[in-house]
Amino acid sequence: MSIELREKELVGGKRKRELIAVYIPKEKKVALEAWAASEERSVSWIVAKLIDRALCSRQQQEGSDNDN
């Protein structure tokens, strides 16, 4: 899997956002597109939410690991 990270410029007073390009198998892309369509969301929104959940989960795990 390859990942590309690129910083977007500040536009119209909006916050800066980062762009990550990820290469995935076609069947996973199709599955993400179907999921996004079923929820009337973009693939980008679905993936951003999945990343948020994964990072929160990891932070909770790290917190509980530090408690031991």
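Confidence in this predicted model averages a pLDDT of 85 over the protein chain, with 76% of the residues reaching 70 or more. Within the chain, strand β1, residues 3-7, has the lowest confidence, at a mean of 55, whereas helix α1, residues 26-38, has the highest, at 98. Where pLDDT is low, the predicted coordinates should not be read in detail.

Two packed helices are described by the angle between their axes and the distance between the axes. For α1 and helix α2, the latter spanning residues 43-67, the angle is about 100° and the axes lie 8 Å apart. Because angles of 65 to 115 degrees count as roughly perpendicular, α1 is described as roughly perpendicular to α2. On the α1 side the contact is made by L32, E33, W35 and A36, and these meet V43, I46, V47 and L50 on the α2 side. Sorted by class, the residues in this contact comprise seven nonpolar and one charged, with no polar residue among them.

Turning to the aromatic side chains, R41 lies over the face of W45, at 4.0 Å from the ring centre. As for pairs of aromatic rings, the count comes to zero.

Notes
Residues are numbered from 1 along each chain as its sequence is written. This is a predicted model: local features need pLDDT of at least 70, side-chain atom pairs count only at pLDDT 80 or more; totals for chains, interfaces and linings use all residues. Side-chain values use heavy atoms; hydrogens and water are left out. pLDDT is the predictor's confidence in each residue, from 0 to 100. Helices (H or I, at least four residues) and strands (E, at least two) are DSSP runs, numbered from the N terminus. Axes are lines fitted to C-alpha atoms, for helices over the stretch in contact, and angles run from 0 to 180 degrees between N-to-C directions. Angles under 35 degrees count as roughly parallel, over 145 as roughly antiparallel, 65 to 115 as roughly perpendicular and the rest as oblique. Contact means heavy atoms within 4.5 Å. Ala, Val, Leu, Ile, Met, Phe, Trp, Tyr, Cys and Pro count as nonpolar, Asp, Glu, Lys and Arg as charged, and the others, Gly among them, as polar. Rings of Phe, Tyr and Trp (its six-membered ring) pair if their centres lie within 6.5 Å; planes under 30 degrees apart count as stacked, over 60 as edge-to-face and the rest as tilted. A charge sits over a ring if NZ of Lys or CZ of Arg is within 6 Å of the ring centre and within 35 degrees of the ring normal.
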